[in-house]
Amino acid sequence: MSKIKSEFSRREFLNRATGTVAALAVLKPLIGMTQTNQPAVKPPAFERKIKLGVIGLGGRGHWIADLFRQHGGYEMHAVCDYFPDRAKSVGDSLGVEASRQFSGLSGYQRLIASGVEAVAIESPPYFHPQQAATAVDAGLHVYCAKPVAVDVPGCRTVEASGQKATTKKLVFIVDFQTRADEFYIEAMRRVHAGEMGKIAFAEGIYHADSPWAQWYDALGKNSKDPETKLRAWGLDKVLSGDMITEQNIHTLDVVNWLMGAAPLHAVGSCGLSSRPKVGTCADHFACYFQFPDGVGVTFSSRQFNGYDTMPEGIRVRAFGQKGVLETEYGGNVMIRDDNFYRGGKSPGIYEAGARANIATFYANITAQNFENLTVAPSVQSNLITILGRTAAYRGELVTWEKLLAANERLEADLSGLKD
């Protein structure tokens, strides 16, 4: 993505990111109970090393694996990617023995059986629920990238895996950087303490260029090749969940955090209008979410050239009786009211948030903290994106209850790929 006019580079964020139920009742996020409640500061020495396996070694997977290595509390024990060249390249760079560099669709199973204690899941989102469930069943701790799933059944699987992890005394963390940021945490604390009064309405955006432009030509020429489709998974609505789930979840997670409840229903529209006609994903969404107590939230996103229009990026603005909340990923987080919470900027939030979550993962494992408080809100945020996506695809109002009751599954065509 191109750099927006802020201190945070959108290109850096999305180039890295491209590598890669809920119960039938409403899931209410545990506001304020984030993973940052646990120690996130590197101690002078580690009492032990945790044997880690990393699943998914694209741009972000490789980067995350190196952050785990830099932390110092992990032994890089095994790696896995569908593509053997990635497994070897990243494995060699991390000092992983060739015998523990796994590839193919079932490579993650061999990684799980290789003697690891924990896994970091950085594969395309379609694979997250099964990989996480298999890891928890095997008695492993799980660090999972967002989104946790691409459909309602996948969200239910992840919710169940999180609950099972707690029962089995395992740690399960979902890596949202904003929920580890001090300015977001304090702003949300103030909002939920009533500083702004009742929320009247809110708006969110995720406006940026496409992070998948480098795959347009290859996918256009080889649209039937299964391995090309897998490499360009962000342009496949089943593998990625479409842009509203794979990418825009960053904005809608902040909305979920803000509202503290699931929406009642949504309407929306989407389409592929401005970028090349490759893949199966939209390049824009426009949605309206109706939340309880008469609170409406508008949302829009794009993945194409905005010609320097401002504002863009990942932003949420909420208007209350006594103030206004403004948040921007990598930019200003503040509350404009009589008390005026200045907050601040976290231009390095993408890396700082990941480092904090990696440190918390280690701290929770070694301290035997198995509350796993990030799972429920992450699942609910994921479901909100699916609600918006479903309403936009159908061009009709979709209720939360009907979305969950329908339990629609996305099935990927994996024929032609190596096991």
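How many helices and strands does the secondary structure of the protein come to? The count is 15 helices and 15 strands. Keep in mind as you look around that this is a predicted model.

Start with the whole protein. Of its 419 residues, 60% are buried.

Now zoom in on helix H14, which runs over residues 375–394. From its first C-alpha to its last, this 20-residue helix reaches 29 Å, close to the 28 Å expected at 1.5 Å a residue.

One of the elements packed against H14 is helix H12, residues 249–259. The two helices meet at an angle of about 115°, their axes 9 Å apart, and the crossing is right-handed. On the H12 side, the contact is made by Ile-249, Leu-252, Asp-253 and Asn-256. H14 brings Pro-377, Gln-380, Ser-381, Asn-382, Ile-384 and Thr-385. Sort the residues of this contact by type and you get four nonpolar, five polar and one charged.

If you're wondering about the spacing along each helix, here's the background: an α-helix has 3.6 residues a turn, so residues three or four places apart point the same way.

Methods
Residues numbered from 1 in each chain as written. Predicted model: local features only at pLDDT ≥ 70, side-chain atom pairs only at ≥ 80, totals over all residues. Heavy atoms only, no water. Helix = DSSP H or I, 4+ residues; strand = E, 2+ residues; numbered from the N terminus. Buried < 20%, exposed > 50% of the residue type's maximum accessible area, 1.4 Å probe, protein only. Expected span 1.5 Å × (residues − 1). Axes fitted to C-alpha atoms, helices over the stretch in contact; angles between N-to-C directions. Left-handed = near helix turned anticlockwise from the far one by under 90°. Contact = heavy atoms within 4.5 Å. Nonpolar A, V, L, I, M, F, W, Y, C, P; charged D, E, K, R; others polar.
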